[in-house]
Amino acid sequence: MTFLGKITFVAAIALLLGACGSSPPVRYYSLEQIDVIAKPDAADSKIVGLGPLRVPDYLRRSQIVTRGAGANVNIDDFARWAEPLDQAVHGIVANNVDSLLADIIVVAFPYISTVDVDYVVVGRIDRFDVGADGDAIMIVQWGLVDSSGETRIAPQRHRYTARASEPDDSGSVAQAMSDILTQLSHDIAKGVDDALRKTS
């Protein structure tokens with residue numbers, strides 16, 4: 001092999017190794033809140049704390065998790081949440097509910113130490129993901145208690161669904177999960193509004 005041929009061969013090997021060692025870029029996604037124009041609350045507005053809503057451990061990671069066939073769970077190292085999922089759920093649902101309710105202030109867990117909440121939405125999320133068929137599912141139990149610990153809404157189990165148009169696309173997955181949070185927010189807003197009307 002000539003000297004020039006050796007150089008060409010080495011360069012080709014280097015390019016091949018470089019291609020083999022490269023990986024796709026990591027992409028980041030966020031959940032979306034509803035597009036509602038918030039109105040100023042009255043000075044004497046009740047304060048509702050949103051959370052804690054316990055998120056299952058399999059979702060406590062930066063990677064987006066989807067369901068495969070059977071009991072298979074897929075963790076995508078190259079599609080990640082822009083913020084921890086449990087924080088995003090609390091923040092987005094709190095903002096949604098706050099936008100939907102007039103003269104009620106909704107704050108997300110964890111609360112600022114100086115905030116004294118009058119009511120707290122508490123519960124547990126058992127499932128929140130998208131399957132290989134594109135069905136997004138949330139299974140959640142939530143209720144409402146007041147500052148004295150008295151139950152205002154007994155904990156109930158709810159199941160929400162939405163559709164990811166492209167199950168293999170993380171953007172579509174994030175949108176379907178956002179749609180579910182919108183459904184949950186409307187239910188919580190209605191429940192809180194009904195409960196507070198009964199006490200007024």
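View 1. Arg60 is partly exposed, with a relative accessible area of 46%, where partly exposed lies between buried (under 20%) and exposed (over 50%), for a 1.4 Å probe and protein chains only. The model is predicted, so local features need pLDDT of at least 70 and side-chain atom pairs count only at pLDDT 80 or more, whereas totals for chains, interfaces and linings use all residues. Residues are numbered from 1 along each chain as its sequence is written, and side-chain values use heavy atoms, with hydrogens and water left out. Asp57 forms a salt bridge with Arg60, the closest N and O atoms being 3.6 Å apart; the term stands for a side-chain nitrogen of Lys or Arg within 4 Å of a carboxyl oxygen of Asp or Glu. By this rule the model has twelve salt bridges. Asp57 also meets the side chain of Arg54 in a salt bridge, at 3.5 Å from N to O, and Arg54 is partly exposed, with a relative accessible area of 41%.

**View 2. The salt bridge between Asp126 and Arg157.** Side chains of opposite charge can pair when their charged atoms come close. Here the side chains of Asp126 and Arg157 meet in a salt bridge, with 2.9 Å between N and O. The pair links distant parts of the chain, since Asp126 is in strand 6 (residues 119-130) and Arg157 in strand 8 (residues 151-163), 31 residues apart; helices (H or I, at least four residues) and strands (E, at least two) are DSSP runs, numbered from the N terminus. The two partners fall into separate accessibility classes: Asp126 is partly exposed, with a relative accessible area of 26%, while Arg157, at 53% relative accessibility, counts as exposed.

**View 3. Asn96 in helix 2.** Asn96 is found in helix 2, which covers residues 85-100. With a relative accessible area of 1%, Asn96 is buried.

View 4. The peptide bond that runs from Gly51 to Pro52 is cis, with omega near 15°, and Pro52 lies in strand 2, made up of residues 46-54. A cis peptide bond also joins Phe109 to Pro110, in this case with omega near 0°. Pro110 is found in the loop that connects strand 5 (104-108) with strand 6.

**View 5. The backbone at Asp103.** Asp103 has phi near 60°, which is a positive value in a residue other than glycine. This residue is found in the loop between helix 2 and strand 5. At 41% relative accessibility, Asp103 counts as partly exposed.

View 6. Val26 is found in the loop between helix 1, residues 3-21, and strand 1, residues 27-29. The relative accessible area of Val26 is 33%, and the residue is therefore partly exposed.
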